[in-house]
Amino acid sequence: MNGNTFRLPARRCATAAAATVLAAGPVTLAGAGSAHATADHGRASASVLRTGLDVSLLNKTVNVPLAVSLNEVQAPRSAEQTALTARLDGVNGGKPFSVLRADVAKSAATTSATKAEGTVTLAHARIHVPGLPLLSLIEVDQVTSRATCEAGKPPAATSDVLGAVTVLGKRVTLTPGGTTSVQVPGVGEVRVDLSHRETTSRTAAATALRLKVSVNPLKLNVAEVEGTLTLARTTCESPTPAERPSTPSTPPAPDTKPQAATAAEPEQDLAETGGSSLTPYLAGGSAVLLAAGGGAVALARRRRGRG
């Protein structure tokens, strides 16, 4: 009676221990999930004209800013507009005046998973500042600018000024990477930088023309105009490649070599069953069952001997 009382819990403990070993096996095989692939398409921008001018009126007590832009876009976008007008209080009787007129003025900025690019095309353009309605600040035949950033490649920036260039009514020859200064008595001075380019490992920027303006027209209630203008500017930043999905970790293959036969399990049985991915867990469970069963038998024999 006592033997049956202790034998049943021993069997239950052995069964539960074996179930725990077998259940823990699949858990150790679980790998981490794959990471989601993400990509940055980079950035790009383009502008035909941008001004940063300070206009002083004749009484020289009032300064009004002239900060305007034509066809300034950021990816993904494009624009095509051939005229830019502005209106400043106290200038030209409050009427709009022309800042830029051109036959062609296009800008585009595009991005994708592999390339970001900004482009500008300008043809037969004339730029004016307040107080000089008839005299162009600068006239150009053709201007182009391009900034290209491709994934895995060095960024590139290019700009070209083709054909004739006229500054304050004077035809000039521009030097790439240099500065050309034009002075006109009674009008003022304009300094022109040609083809300014910058590149880094992931970015590029190109400006076809950069003008530093200091004129004193003394017309239309304008005393002085000072500041900068940029013509045909483009920028870009390379896209970031998508992250590759992570590979789930693979557990080492179980040892499928035949194990040495034990006294409790004949070698013939092992040869018939063979090995599989669950062999280690089955072996562990069997060991637990054997240990628990042996302990229960020994305990029962002791109690019978006492009885």
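**View 1. Serine 195 is buried, with a relative accessible area of 13%.** Buried means under 20% relative accessible area, exposed means over 50%, and partly exposed lies in between (1.4 Å probe, protein chains only). This is a predicted model, in which local features need pLDDT of at least 70, side-chain atom pairs count only at pLDDT 80 or more, and totals for chains, interfaces and linings use all residues. Residues are numbered from 1 along each chain as its sequence is written, and side-chain values use heavy atoms, with hydrogens and water left out. Serine 195 belongs to strand β13 (residues 188-199). Strands (E, at least two residues) and helices (H or I, at least four) are DSSP runs, numbered from the N terminus. The side chain of serine 195 makes a polar contact of 3.4 Å with that of serine 159. A polar contact is a pair of N or O atoms within 3.5 Å; within protein, one must be able to donate a hydrogen and the other to accept it, and residues adjacent in sequence count only if both atoms are side-chain atoms. Setting aside residues up to four places away in sequence, serine 195 touches Ser159, Gly177, Thr207 and Ala208. Contact means heavy atoms within 4.5 Å.

**View 2. Threonine 180 lies in strand β12 (residues 179-184).** Threonine 180 counts as buried, at 14% relative accessibility. Beyond residues up to four places away in sequence, threonine 180 touches several others, among them Val172, Thr173, Val190 and Val192.

**View 3. Arginine 171 sits in strand β11.** This residue, arginine 171, is exposed at 68% relative accessibility. When neighbours within four places in sequence are left aside, arginine 171 is in contact with Ala164, Val165 and Thr166. Between arginine 171 and isoleucine 138 there are 9.5 Å in space, C-alpha to C-alpha, and 33 residues in sequence.

View 4. Most residues other than glycine have a negative phi, and most peptide bonds are trans. Leucine 168 is buried at 5% relative accessibility, whereas leucine 218 is exposed with a relative accessible area of 56%.

**View 5. Glutamate 72 and arginine 50 form a salt bridge of 2.6 Å, N to O.** Glutamate 72 lies in the loop between β3 (69-70) and β4, and arginine 50 in strand β1 (residues 43-57), so the pair ties together parts that are 22 residues apart in sequence. A salt bridge is a side-chain nitrogen of Lys or Arg within 4 Å of a carboxyl oxygen of Asp or Glu. By this rule the count comes to 6.

**View 6. Arginine 202 and glutamate 237 form a salt bridge, with their closest N and O atoms 3.6 Å apart.** Arginine 202 is in the loop between β13 and β14 and glutamate 237 is in strand β15, so this pair links distant parts of the chain, 35 residues apart. Salt bridges that share partners join Asp40, Arg43, Arg202 and Glu237 into one network.
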